[in-house]
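Here is a short briefing for a first look. Please view the sequence and the 3D structure before reading on.

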Amino acid sequence: MSVSFRSTQAKLSQVLGNWALHGHRGTIVARRCYAQQESSLVQWPATVPQRIVSALKRDGIERPYSHQAACWRSLEDGNAVVATPTASGKSLCYNVPVASRLAENPGSRALYLFPTKALARDQESTVRGILSNADIHGQVFVFDGDTPSGQRRKIRAEASVVITNPDMLHAGILPHHTSWGGFFSGLDLVVVDELHTYRGVFGAHVANVLRRLTRIARFYGSRPRFVCCSATISNPRELAETVVGQPFELISQSGAPRGERSCLIYNPALVDPERGLRRSSLKEAARLTRDLVGAGLTVLTFCQSRHGVELVLRYLRERIEQSGGQPQRIRGYRGGYLPTLRREIEGALHAGEVDAVVATNALELGIDVGGLDAVVLAGYPGTIASFHQRAGRAGRRLRPSLAVLVANSSPIDQFLCQNAQFLFDSSPERALVEPNNLEILLSHLRCATFELPLSANERYGDLTIEDTDQIARHLMERGDCHQKQGRTYYIGEGYPASEVSLRSVGLDKFVVVDVQTGEPLSEVDPRVARHELYPRAIYQHEAEVYLVESLDLENRVARVRTTEPTHYTRVIARSEVEIVETVCSRDQRGCVVETGDVTVTESITGFKKIRFRTHENLGHGEVEMPRETMETEATWCTVKPRLLETLEETSTESLLRALDGLAAAMHHVAALHLMCDPRDLSSLVRNDSSEKGRIEPSIFFWDAYPGGVGLASRLYEDFFVILAGTQRLVADCACQSGCPSCIGPVFADTTRHVKDLVMSLARGLRGPHTVAP
């Protein structure tokens, strides 16, 4: 072990010892040490040109890792998906094949897709370096929203490698493919990096963008191979085959070395046990980061929002200055920063000129940030895969490292504090994506017909000829398309890709405008607009607080002005669910669980005003908003009368409140299990009274997007696993009567009886089911 490695280990041990002496601020509730792993190296395959081998050896890469060579072999006759840990050298899995193809054929072309601009810029210099060192002629360009207009014609004409993102491919390249004819005709390889980020609505859109890409490539006579790279998830091959629409070979055994890593879960101390409130996770993350920086370690601190980044950055700089440090060596990194500033911060971090960076998930992905010693996470990032991805940003090669998850008061974070094995031992989540969501299909088939007419008997993606024709006829009925001599042409105005956001379903976004400056602040989805931009709502953006003056539903514009940050607002909404069709059903001793199609009607009737910091209710107001109806997919659980009879001494009011609490807790555990944002799901308790006056309650969970995106069907499959996790969450919570960390704040003033009743219901619903939690 080198001197620097021993020094890092000693510094980490010193910090951990100090934390153990200050338990009054919080508790290290769990610790897991991951052992060092040696590398598995192999010989260079004969298919890699010698000049590339020589160039890489000059850069210190004597031999490739076993998973890199396995990927290169797979790409010789098919597609490959590589799912290995962070910092395992995945970029060489695609950079070497691209360079090899260019060495053999200067007319070869490659397209790189990254989910963020920062990743694209980071890879640009890497690819150029490999080609230059191997004396291979090839022009490498990033093509995104920051690319100057004067350079775009040069890129279309000369680029051998184009590095872009799904949004730019969708709206900036595919609709203008006639200007890219030479590039598409030589397209040999498509790289899809950070595959695990393409899930849910975004993943469904990206899958359709890749369907359109494949369609255009075939029009120009090319059939490119695909190489996908992913963090460790449970279904990388399935996800790659769904997103790309082709067979893949999986490479998941990493040959890269890994240093010893310690992972901690730190739970800030309770300040209000009954309400479940703890010390601020942001302030505690800033304090822990200061301790690590003070010990001479380089730290990356992750926050869940832009606002969180700015708060932790301010807290941390203040603490560093108070302790005699150099606050200018603490930097922030998030979306919204100018590209030049982001590049400057990345370079400074890589060069060792920064002691700590406070960032959003913009630095979670594979940007090369040099040697980090520790990672601090202010709140659980939402998935096990993302946790390990962030933790893996520290400790490159065999260097020891530390990762600390600082929990907040949310149900998910407190669940992990009580059940650390779920985080440390569970298999990574399964990424869900449903490319054939009808609303998304309609949007992209419009785009596809604009790009190329739809031929008779053509199949779009994995749709049948009949289904493709049916959707095309629907577009004709809407006036978007026209059929001539068996071919379907787009006849609408403009180009439809400009109207389709890759991060929402269906309707166009709303624009938020500051009436004091006349400038647009942001764009939001229609659903978010209904819930956050009604008149007199408080809208928060970039740490500023705005009062909504008006919401123009017809023109999709919300007008806001700055106001004093005294309170925030929460919408009061009521949903009604009607079952359209039951697809599957499971009969359990305490309940019947079903899944199928539903119609959801939402009415927004008012809002609550809640004081910042204390969360005191300051009153409410009324809202006039049209009712909104949506067809989607749902899973629901109907409680059997025999279970209710065992609770016969319980009042109807207490029973319904307990069901509301159970639904709230299950909602959070389901989001954790399904690898989705809690806002992607909606839930309610519906009570259908029988003719005899008995209640017949059901708990509904539905996809919060028209047509559904596959969450409800997966929830149906794993319903009792999620219910078991909910039992543990509620049972392990330290509160007496319910709190925001378990069954919801609405129960903070009730008796212990309601929390006990939630547990009784959960046990009764599971019945004799023996699914392991």
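This is a predicted model: local features need pLDDT of at least 70, side-chain atom pairs count only at pLDDT 80 or more; totals for chains, interfaces and linings use all residues.

Residues are numbered from 1 along each chain as its sequence is written, and side-chain values use heavy atoms, with hydrogens and water left out. Helices (H or I, at least four residues) and strands (E, at least two) are DSSP runs, numbered from the N terminus.

**The parallel sheet**

- Two strands pair if DSSP finds at least two bridges between them.
- Axes are lines fitted to C-alpha atoms, for helices over the stretch in contact, and angles run from 0 to 180 degrees between N-to-C directions.
- Contact means heavy atoms within 4.5 Å.

**Strand β6 and its partners**

- Strand β6 (residues 187-192) has 5 of its 6 residues buried, so the rest of the structure largely encloses it. Buried means under 20% relative accessible area, exposed over 50%, and partly exposed in between (1.4 Å probe, protein chains only).
- Strand β3 (residues 109-113) runs parallel to β6, and 5 bridges join them. Leu111 stands opposite Val190, and Tyr112 stands opposite Val191.
- Strand β7 (residues 225-230) also pairs with β6 in the parallel sense, over 4 bridges. Here Val190 has Phe226 as its bridge partner.
- β6, helix α9 (residues 200-219) and β7 make a right-handed β-α-β unit. Right-handed means that, with the strands pointing away from the viewer, the path from the first strand over the helix to the second runs clockwise.
- The loop between β6 and α9 holds Glu194. Glu194 has a positive phi of about 55° although it is not a glycine. Glu194 is buried, at 6% relative accessibility.

**The mixed sheet**

- Another open sheet of 7 strands has the order β1-β9-β16-β15-β12-β14-β13, with mixed pairing.
- Its edge strands are β1 and β13 (330-333), and each pairs on one side only.
- Neighbouring strands are turned by 15° against each other on average, direction ignored.
- Strands β12 (residues 299-302) and β15 (residues 374-378) run parallel and are joined by 4 bridges. Phe302 in this pairing stands opposite Leu377 in β15.
- Helix α12 (residues 306-322) packs on the sheet, touching β12, β13 and β14 (356-359). Its direction makes about 180° with that of β13.
- Helix α15 (residues 411-418) packs on the sheet too, touching β1, β9 (261-268) and β16 (401-406). The direction of α15 makes about 120° with that of β9.

- Ile28 lies in strand β1 (residues 26-34). Ile28 is partly exposed, with a relative accessible area of 32%.
- Beyond its neighbours within four places in sequence, Ile28 is in contact with Trp19, Leu264, Ile265 and Tyr266.
- Ile28 and Leu16 are 12 residues apart in sequence; their C-alpha atoms are 9.6 Å apart in space.

**Helix α23**

- Helix α23 (residues 719-732) has 14 residues, and its end C-alpha atoms are 20 Å apart. That agrees with the 20 Å it should span at 1.5 Å a residue. The expected span is 1.5 Å times one less than the number of residues.
- In α23, 11 of the 14 residues are buried, so the helix is largely enclosed by the rest of the structure. Among them are Phe719, Phe720, Gln727 and Arg728.

**Two more residues**

- Thr468 is found in helix α18 (residues 465-477) and is buried, at 1% relative accessibility.
- The side chain of Thr468 reaches the backbone oxygen of Thr464 at 2.9 Å.
- Leaving out residues up to four places away in sequence, Thr468 touches Leu445, Leu454, Glu458, Arg459, Tyr460 and Leu463.
- Arg536 lies in the loop between α19 (526-532) and β21 (538-541). Arg536 has a positive phi of about 75° although it is not a glycine, and is partly exposed at 46% relative accessibility.

How values were computed
A polar contact is a pair of N or O atoms within 3.5 Å; within protein, one must be able to donate a hydrogen and the other to accept it, and residues adjacent in sequence count only if both atoms are side-chain atoms.
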